[in-house]
Amino acid sequence: MLKRKSRPISASAKREERIFYLFILPWLIGLVVFSAGPVFGMLGLSFTDWRISLDDLQFIGLENYAKLFDDPIFWTSVGNTLYIVVGRVVFGVSFALLLAVLLNQKVPGIAFFRAVYYLPTVTAGVAVALVWIWIFNPRLGILNHTLKQIGIQGPPWIFSKTWVKPSLILMSMFSVGPIMIILLAGLQGVPKELYESAEIDGAGNWAKFRNVTLPMLSPVLFFVIIISVVSSFQNFTEIRVMTEGGPGESSNVLIWYLWENAFIFLQLGIAAAVAWIMFVILMALTGVQFWVGRRWVYYEADTG
Amino acid sequence: MTTRKRKEDVAWYKSTQGRRAIGYMLTFALLVPLGIAFMLPFFVMVSTALKPLKQVFAFPPTLIPETVQWQNFPDGWYGHGYVDFTTCTWNSLKITINNIIGNVVSCTLAAYAFARLKARGKNFFFALVLATMLLPNEALVVPQYVLFNRFGWLDTHLPLMVPPWFGWPFFIFLLRQFFLTIPEELVDAAKIDGAGHARILLQIFIPLSKPALATLAIFAFIGNWNNFFGPLLYLRTPNIQTLPVCLVQYQGAYGNTEWHLMMAVATIAVIPVLLIFIFGQRYFVEGIATTGVKG
Amino acid sequence: MSTEKLSRRDFLKLTAATSTGAALAGLGPLSSIAAAQDQVELTFGRHWEAAFRPRQAEYDEGFMERHPDIKVAITYNTWADHNNVVPAWAAAGTLPDIIYVHGSRATPWAHEGIIIDIHDIVTADEEFNVDGMWEESVRLYRVDGRIHALPYDHGPIILGYNKDMFDAAGMDYPSEDWTMEDMAAAAIELTDPDMGVWGWDGRLDLGNGGGGFFTGAWGGVHMNEDESEMTMDTPEVRAALNHWYNLTHVENAGASGTEMEAFPNSQPFRAGVAAMGHIATWSTPSMRALANFEWDVAPTPMGADGSRYTGAFGSGYGITPTSDKPDIAWRYLREYLSLEGMIFMWSLSGRGSPARPEGLEAWLSSDPAPPSGRYFLEAMFDYAVTGPPFQSLAAAQVSNILTREADLLRLGETTVDEAIAAIQEEGQAALDEVADM
């Protein structure tokens, strides 16, 4: 990705290298001290019969992994995870982009609206169960009540095998606050001069969006897509509070499957194996995104 | 587009004012109804905070309380005399402020290095940043708890307050992406002026990254303010607990949850987050767009 | 509250007892005696919502007055997270001296060494009357025949009814000689879809607590006695589930699953939109706090042959292996779980379901107890059976399957035949996997 010719290491390049390591040092220390132990520990423990106590662990090779691959519920949860991740990323990111564009308009009261759209993210923590179970209630809920007003018989939402996953995706669209904010910050960062010169070239709104906004926003958009994939994979609270993987196994996602094994069935070795499988899937997905990203992400200053 | 019409021939909707008015209308047509939907969870929280407990569960549920019970706020804060919300809030505030500063400092340095410095092994370390972001936290709960126990840090604020000074992959990645959008010419110009990396970072990157840093600060605030499972696990002594842990003390088994009191305190707890957000968000507006590319 | 405060005299007898020493000799240093001058800190990990903590604090103050050498320090988890925090504590070796143990966790936690075998301590303590606890409740904590924890609460599931709705319909209240058919007939009559009210709460609980409510009346059980075999695929279980299904989904006299979930932890019966529902003693305080109507309880309806059956369940406390002072922990528990301790904590406070008959008797005069609360006592004496699974190491897995299928039945997402087949097959597979552990 280097634009310039690579040169032999000069004194200044060496100095730069030292500064690089100096700057990443705090993170590196943190990585070694706080993360490395638990992470490699989990890898090792996934090959043992770990239940609770860390004493007298038996090495059992790939048995935990074999058990997982034999469990139909594991495969169901892999499928559910991919379904929900794709849904959340596609709808969530486009919706967040739409909101960010709207909230980037210079209309009166925009600060108020920005706060309003961030509200669910802020309130979610405690009120989520109370609020969403009420909203989704098929008979008494606000959602179906509203649909009824316009003559639509609403579905049973989270209380149905068919609708639970779309419901969770719909619900996630109310907590796009963080990525909306990142995109908004990205939009604010697009230099005005670029729009002005595009206008001189006679570009309409769509052309400006397509030719100026999107390329300039692409590094941020790229970030947003990657973290959406990661957070959709790891999103746990809503499943735990709202559905506990049900009805049936229809919203059992990998993170819930992991939790269930760890804390309900006390099979921490299996949970560790699930964690590693999730990690590998995410690594692969992220790798693909970086590879694809090289084709569409535009960096103003590419030194990477 | 090439032949310009004379001004008086331009239809109203094509005029500058007309276009702006239509833009406003379209924007509001989308913002208002969606905004109402987005306020719903907040309304439910506030409305629950104002109801007597019996009304919370009344069928069918209502958004407007029949009788308003302001007493929930002082009662909720009092916590039956056994949950001290003043102390919890103070603890949360202390931890949150420390963590925002720690995150901003450590992540800015690392992000600058990853975005703008050349070094062998850089790609490898950046891959490590990403990799640590991909690990499911739920899986690390037990090993991390064991680790902090070995450090002798349990039942203190250290497991919550020390790690933020050592970077947070998500924020490093976020800032790096923003730093990559800063024009190279600015850096080159500064280098010609003889500026070192510390000066380039402080005088160019940080001022130009206000939107990104404001975003980071808001995320760090919300993440730490709402952090639940970590404090629950690490802290035992009541007077060192944090707000979210104190809040769930209202939860009981078999329907013995005092939702009205819990929501009253939750409403109070949301206020600082909202204030930070409302004041913080103007930094998005005052980003690169208005500070301009001064170099 | 202070009028209910436990008199010092009630405990004199217990406090004077020293006979535990012999049993504890094998367990480690008698720190209470070794360090009589210094205060020993006794740690206790449990959950109580904020509203009940004043009671606990009052009890502990009294205890510390009686035992100036002991300082009780409680770590409160939430009900929802206690079971997730304890494994982390156990892995790191930071368990407090005493922990709360839900009945369904006793076997796995004993197996994983989270709670110790206290059989000898308990039985050697002549002042502590373990036989005065419901045998059904102690059974939950016997692992391989030895006591690993002791119950504080235990209660049966019986029939609750909304008096106002029966009055409005001009119908007689449920009687002692009601059969399941009588209940169904009344439920159908009380249902009014236009008003959004149901005769029956619609609840279907196949697991620990409500496990036997329906199936028992037909003589069915979900598992055999030692929990090695699933016994779902029998005509009795099928008939019971068909009866429930018919009542809920064909006659529409039971609130379906979707109706039950308008609020977390909500039940149509408690919300006043179902005339009848399951009720346990531990849910009477929330009934009192939330119900906007007059209500009472009746015995669990009989089967066609006049036999009666219902499920019961509860929770207790155990001592952990990390504790360096099991003797002190026992000094706390023997008083806390004595009849006097139970009466103070759970009877007079109205909290409910103390694990001793006299405690339940004393609870009957408390505020949350319904007028006919005696039926709870009668159920415990006559027909309540602790609901499986709790003895198998796969109990959590089997419970999961039972809950999942009951959920699907309530939501109308599966049929009785499919549910039975799924529980039988998957449940048996889970049991077989741990058969030789």
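## Polar contacts between chains B and A

A polar contact is a pair of N or O atoms within 3.5 Å; within protein, one atom must be able to donate a hydrogen and the other to accept it. In this predicted model, nine residue pairs are in polar contact between chain B and chain A, both residues of each pair being at pLDDT 80 or more.

## Extent of the contact between chains B and A

The size of an interface is often expressed as the accessible area that is lost when the parts come together. For chain B and chain A the buried area is about 9,100 Å², and carbon and sulfur atoms give 79% of this area. Chain B brings 101 residues to the contact, and chain A brings 91 residues.

One salt bridge is counted between chain B and chain A. The side chains that form a salt bridge here are those of Arg120(B) and Glu17(A), with an N to O distance of 2.6 Å.

## The contact between chains A and C

Chain A also meets chain C, through 27 residues from chain A and 30 residues from chain C. The area buried between these two chains is about 2,600 Å², of which 59% comes from carbon and sulfur atoms. Four salt bridges are counted between chain A and chain C. Among the salt bridges is that of Glu433(C) with Lys67(A), whose closest N and O atoms are 3.8 Å apart.

Seven residue pairs are in polar contact across the interface of chain A and chain C, again with both residues at pLDDT 80 or more. On the side of chain A that touches chain C, helices α4 and α11 (254-264) of chain A each supply at least two residues. The most is given by α11(A), with four residues. This side of chain A comprises 15 nonpolar, five polar and seven charged residues.

In soluble globular proteins, nonpolar side chains tend to be buried together. The largest nonpolar core of this model has 267 residues, and the members that touch the most other members are Trp27(A), Phe114(B), Trp200(C) and Met276(C). Helix α4 of chain A (residues 110-136) gives the most to this core, with 14 residues.

Once its neighbours within four places in sequence are left aside, Trp27(A) is in contact with Ala110(B), Phe114(B), Phe125(B), Leu128(B), Val129(B), Phe166(B) and Ile172(B). Another core, of 59 residues, lies apart from the largest one; Val40(C), Ile121(C), Ile147(C) and Ala379(C) are among its residues.

## A covered helix in chain C

Helix α15 of chain C, residues 326-336, is mostly covered, with ten of its eleven residues buried. The buried residues of α15(C) include Ile328(C), Trp330(C) and Leu333(C), together with Asp327(C), Arg334(C) and Glu335(C).

## Gln105(A) in a loop

Gln105(A) is located in the loop between α3 (72-103) and α4 of chain A. This residue counts as partly exposed because its relative accessibility is 32%, which falls between the limits of 20% for buried and 50% for exposed.

Apart from its neighbours within four places in sequence, Gln105(A) is in contact with Ile110(A) and Thr27(B).

How values were computed: Residues numbered from 1 in each chain as written. Chains lettered and ligands numbered in written order. Predicted model: local features only at pLDDT ≥ 70, side-chain atom pairs only at ≥ 80, totals over all residues. Heavy atoms only, no water. Contact = heavy atoms within 4.5 Å. Buried area = accessible area lost by both parts, 1.4 Å probe. Polar contact = N/O pair within 3.5 Å; in protein donor to acceptor, adjacent residues only side chain to side chain. Core = buried A, V, L, I, M, F, W, Y, C linked by side-chain atoms within 4.5 Å. Buried < 20%, exposed > 50% of the residue type's maximum accessible area, 1.4 Å probe, protein only. Nonpolar A, V, L, I, M, F, W, Y, C, P; charged D, E, K, R; others polar.
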